[in-house]
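Subject: Structure for your review

Dear colleague,

Please find below the structure that I promised to pass on to you. My notes on what was found in it follow directly after it.

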Amino acid sequence: MAHRIDSLGAPLLVTWQLTRDCDLACLHCCTDSAPGKRLRDELDAGEALRVAGEIAAAGVPYVMLAGGEPLVSPHFWAVAESLGAAGVTLKIETNGQKVDTAVAERLARLPIRSVQVSLDGDTEAVYARQRPGGTLERAHAACRALVAAGLPLEITFAPTRFNIHEAGAVIERSRSLGAFRFNTGRLMRIGTAARHWSKVEPDEAAYAAFRSLLAGESSHGDMELLYEPFTLQEAMRSSLGEPPATLLVLPNGWVKVSAALPHICADLRQRNFAQAWDDYRRAWYDATMASAIRSALEDEGRHAQANSWQMMSVTA
Amino acid sequence: MSEKVTMEKPKSAEPTTRKPLPSDKPQWETPKMEDVSEEVMAQPYIRFT
């Protein structure tokens with residue numbers, strides 16, 4: 001069966017985790033990021049700029065720079081400005097702790113469609129419990145600086161047992177800060193979240209109230225609420241029929257086939273970006289992938305292995 | 001995916017006419033920003049890393 005990815009010369013979106021390092025140690029982190037968690041084999045500036053050049057040359061329209069915290073990467077600006085100068089539209093995912101007026105104004109000179117800030121609480125106590133090392137005050141200040149610089153602001157909220165009761169207040173806060181979109185969904189059982197699962201996972205009653213809140217909030221106001229597919233399972237199921245036309249690049253240049261699975265289809269140190277896209281498309285025809293997804297659909301606990309990366313053999 | 005093309009050694013003299021082989025390189029569609037739909041951005045891993 002032909003897929004959409006078979007006709008595309010490049011992915012629609014590249015999500016690029018520039019580093020695993022982060023200035024916060026969030027309990028729900030899906031990338032196992034925290035201070036000092038930089039991988040030993042992360043791409044250096046020269047390699048990252050080479051990959052950025054290949055992404056632009058391949059015609060990728062949209063790149064999301066993420067982490068860890070992308071702003072702690074020593075080559076964040078070089079990569080962002082290289083992609084921007086080549087006409088690639090950008091999205092930046094940040095915790096906002098390092099975004100002040102100067103950073104916001106520098107970002108505003110780039111072709112940015114969205115800056116996504118995590119607001120996992122509406123009180124300092126709840127925010128600090130879920131995001132050790134950060135302050136809600138700095139996250140709010142970042143949002144205000146981004147909007148003042150004319151940048152489109154997007155908010156993301158990861159529900160846990162600690163913060164789900166503040167979801168309504170965070171939605172209202174996001175509106176007042178001028179966000180155009182609010183993203184959420186069921187907590188993903190990956191990375192740090194998987195290790196702390198029994199402590200962080202909201203119970204089903206809390207999720208039911210949360211979904212009811214989201215449904216009610218969706219019907220009014222200008223801010224868009226994006227929360228479907230609600231679960232990672234739903235998204236994985238649909239990817240079996242139509243693999244996403246997106247590529248996830250890890251800090252060491254490895255390319256993932258599916259975020260919730262450990263499979264790696266290419267190494268950007270060995271393969272150029274165009275070859276990696278070809279490897280990705282080929283991976284979706286490999287019986288290993290269908291089997292791994294079906295297995296993960298049967299047991300959500302298997303997502304916990306997502307960051308134990310394994311190289312597949314898909315090279316032509 | 002491109003079809004696998006297998007080449008067989010001719011058993012007799014080279015024929016004077018050949019069946020055209022499929023193009024080595026398919027015509028790829030260039031991705032555009034307009035194609036980056038809400039659905040694309042709604043993948044859980046993308047919307048709340």
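I begin with one pair of residues: Gln17(A) has Ala66(A), in strand 2 of chain A, as its bridge partner. Please keep in mind throughout that this is a predicted model.

On strand 8 of chain A (residues 246–249), strand 1 of chain A has another parallel pairing, over four bridges. There, Thr15(A) has Leu248(A) as its bridge partner.

Is strand 1 of chain A enclosed by the rest of the structure, or open to the outside? Five of its five residues are buried, so strand 1 of chain A is largely enclosed. The burial applies to both faces: Leu13(A), Thr15(A) and Gln17(A) lie on one side, Val14(A) and Trp16(A) on the other.

These strands are part of an open sheet of eleven strands in chain A, with mixed pairing and the order 7-6-5-4-3-2-1-8-9-10-11. At its edges are strand 7 (224–226) and strand 11 (310–311) of chain A, each of which pairs on one side only. Strand 7 of chain A is joined to strand 6 of chain A (residues 181–183) by three bridges in the parallel sense. In that region, Phe182(A) is opposite Leu225(A) of strand 7 of chain A.

Helix 12 of chain A packs on this sheet and touches strand 8, strand 9 (254–256) and strand 10 (263–267) of chain A. The direction of helix 12 of chain A makes about 155° with that of strand 10 of chain A. Among the buried residues of helix 12 of chain A are Phe273(A), Trp277(A) and Tyr280(A). The elements that cover its buried residues include helix 1, helix 2 and helix 13 (287–298) of chain A.

How do helix 2 and helix 12 of chain A pack, and at what angle? Their axes are 8 Å apart and the angle is about 70°. Angles of 65 to 115 degrees count as roughly perpendicular, and the two helices of chain A are therefore described as roughly perpendicular to each other. Helix 2 of chain A contributes Val51(A), Glu54(A), Ile55(A) and Ala58(A) to this contact, while Phe273(A), Ala274(A) and Trp277(A) come from helix 12 of chain A. By class, the residues of this contact are six nonpolar, no polar and one charged.

Finally, I turn to the second chain. Chain B has two helices and zero strands, and 20% of its 49 residues count as buried. The contact between the chains takes 37 residues from chain A and 18 residues from chain B. On the side of chain A that touches chain B, at least two residues each come from several elements, including helix 1 (4–7), strand 1 (13–17) and helix 12 (273–283) of chain A. Strand 2 of chain A gives the most to that side, with three residues. The side of chain A that touches chain B divides into 21 nonpolar, eleven polar and five charged residues.

With kind regards

Conventions: Residues are numbered from 1 along each chain as its sequence is written. Chains are lettered from A and ligands numbered from 1 in the order in which they are written. This is a predicted model: local features need pLDDT of at least 70, side-chain atom pairs count only at pLDDT 80 or more; totals for chains, interfaces and linings use all residues. Two residues are in contact if their C-beta atoms, placed from the backbone, lie within 7 Å. Ala, Val, Leu, Ile, Met, Phe, Trp, Tyr, Cys and Pro count as nonpolar, Asp, Glu, Lys and Arg as charged, and the others, Gly among them, as polar. A residue is buried if 20 or more other C-beta atoms lie within 10 Å of its own, exposed if 12 or fewer, and partly exposed in between; C-beta atoms are placed from the backbone. Two strands pair if DSSP finds at least two bridges between them. Axes are lines fitted to C-alpha atoms, for helices over the stretch in contact, and angles run from 0 to 180 degrees between N-to-C directions. Angles under 35 degrees count as roughly parallel, over 145 as roughly antiparallel, 65 to 115 as roughly perpendicular and the rest as oblique.
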